[in-house]
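Student: I have the sequence and the model open side by side. Can we go through the structure by question and answer?

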Amino acid sequence: SLTGRHVFSRFNPAVGATFKAAEWSSFYGSYSEGSRAPSAIELGCADPNAPCRLPNSMAGDPPLNQVLTRTVEAGVRGLGGGVNWSAGVFRAANRDDILFVASEQTGFGYFKNFERTLRQGMELSVSARAGRVTFGGGYTLLNATFQSEEEVNGTGNSTNEEAEDGMPGMEGTIEIEPGNRIPLTPRHMLKAYADVQATSKLRIDLGVVGVGR
């Protein structure tokens, strides 16, 4: 089949509350759910019996489930002496995340729903103003991990099974274990900035971003 028809719908609730503890601080908390429908390329390469090399295969493959995210956040915000600050923690659990997994054919794979992934951590931010200068910064600690087992394509990756056996590692797969970190999601992220109102018509913005490996 070269065509496919997929319909996705979901009610995503959210609730939040804020408590003002004092003139200079307040506590907040929230719970929310979100969902993402599979993309066309994911739906077109989802048959384990007909794996593909992306992105040149599009067909009416079996349907995929929506990705469901449940997020909990809590923290405290404050304002005093011209300084705004906040500190919070978050936990976002994904069900049916979509992952490109390896097939038995070398170099081929297909998209499938991955049981569980988890992203959790903390965020800190502060900003203040002194004369014509506004400055601030923020820090995020993110721990993003797989929470289920799977086998993914590891072609050309220095951590695949062939590389671990002492071979060049040009081909091979990678076994995901619960607790393994999700790639391309740095653990540490730091941002700092300063805005200088040099004249009534000129503002100079300076910023720096630091990202972990």
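**Loop, disulfide, pockets and core**

Tutor: S103 is placed in the loop between β4 and β5. Keep in mind that this is a predicted model.

Student: Is S103 buried or exposed?
Tutor: The loop between β4 and β5 holds S103. The cut-off for buried is under 20% relative accessible area. S103 has 15% relative accessibility, so S103 counts as buried.

Student: Which residues does S103 touch, not counting residues up to four places away in sequence?
Tutor: Residues up to four places away in sequence are set aside here. With those left out, the residues that S103 touches are P51, F108, G109 and Y110.

Student: How many disulfides does the structure hold, and which residues form a disulfide?
Tutor: A disulfide is a covalent bond between the sulfur atoms of two cysteines. The structure holds 1 disulfide. Its sulfur atoms are 1.8 Å apart, and the residues that form it are C45 and C52.

Student: Does C45 count as buried or exposed, and what about C52?
Tutor: Buried means under 20% relative accessible area. C45 is at 0% relative accessibility and therefore counts as buried. C52 is at 2% relative accessibility, so C52 also counts as buried.

Student: What is the volume of the largest pocket?
Tutor: Rolling a probe the size of a water molecule over the atoms shows where empty space is left. For the largest pocket, the volume is about 620 Å³.

Student: Which lining residues are the closest to the centre of the largest pocket?
Tutor: The largest pocket is lined by 23 residues. Those closest to its centre are L99, F146, V152, I176 and P183.

Student: Which element supplies the largest share of the lining of the largest pocket?
Tutor: At least two residues of that lining come from each of β4 (83–102), β5 (109–130), β7 (150–153) and β8 (173–176). By class, the lining of the largest pocket divides into 11 nonpolar, 6 polar and 6 charged residues. The largest share, 4 residues, comes from β4.

Student: What is the volume of the second largest pocket, and which residues are the closest to its centre?
Tutor: The second largest pocket has a volume of about 200 Å³. Of the 16 residues lining the second largest pocket, the closest to its centre are E123, L124, S125, Y139 and T140.

Student: Which element gives the most to the lining of the second largest pocket?
Tutor: Two or more residues of that lining come from each of β4, β5, β6 (133–146) and β9 (188–199). The lining of the second largest pocket has 8 nonpolar, 5 polar and 3 charged residues. With 5 residues, the element that gives the most is β4.

Student: Which residues have the most contacts inside the largest nonpolar core?
Tutor: In soluble globular proteins, nonpolar side chains tend to be buried together. The largest nonpolar core has 20 residues, and those with the most contacts inside it are L64, L99, F146 and I176. Elements giving two or more residues to this core are β4, β5, β6 and β8. The largest share of this core, 4 residues, comes from β4.

Student: With which residues is L99 in contact, leaving aside its neighbours within four places in sequence?
Tutor: L99 is among the residues with the most contacts inside the largest nonpolar core. Leaving aside neighbours within four places in sequence, L99 is in contact with Y110, F111, K112, F114, F146, E150, V152 and I176.

Student: Is L184 exposed or buried?
Tutor: Exposed means over 50% relative accessible area. L184 has a relative accessible area of 86%, so L184 is exposed.

Student: How many Å apart in space are A93 and Q120, C-alpha to C-alpha?
Tutor: A93 is found in strand β4. In sequence, A93 and Q120 are 27 residues apart. C-alpha to C-alpha, their distance in space is 8.2 Å.

Methods
Residues numbered from 1 in each chain as written. Predicted model: local features only at pLDDT ≥ 70, side-chain atom pairs only at ≥ 80, totals over all residues. Heavy atoms only, no water. Disulfide = S-S within 2.5 Å. Buried < 20%, exposed > 50% of the residue type's maximum accessible area, 1.4 Å probe, protein only. 1 Å grid on protein atoms, 1.4 Å probe; cavity = no way out; pocket = protein on both sides within 12 Å on 5 of 7 lines; lining within 4 Å. Points joined across faces, edges and corners; volume = space filled by probe spheres on them. Nonpolar A, V, L, I, M, F, W, Y, C, P; charged D, E, K, R; others polar. Contact = heavy atoms within 4.5 Å. Core = buried A, V, L, I, M, F, W, Y, C linked by side-chain atoms within 4.5 Å.
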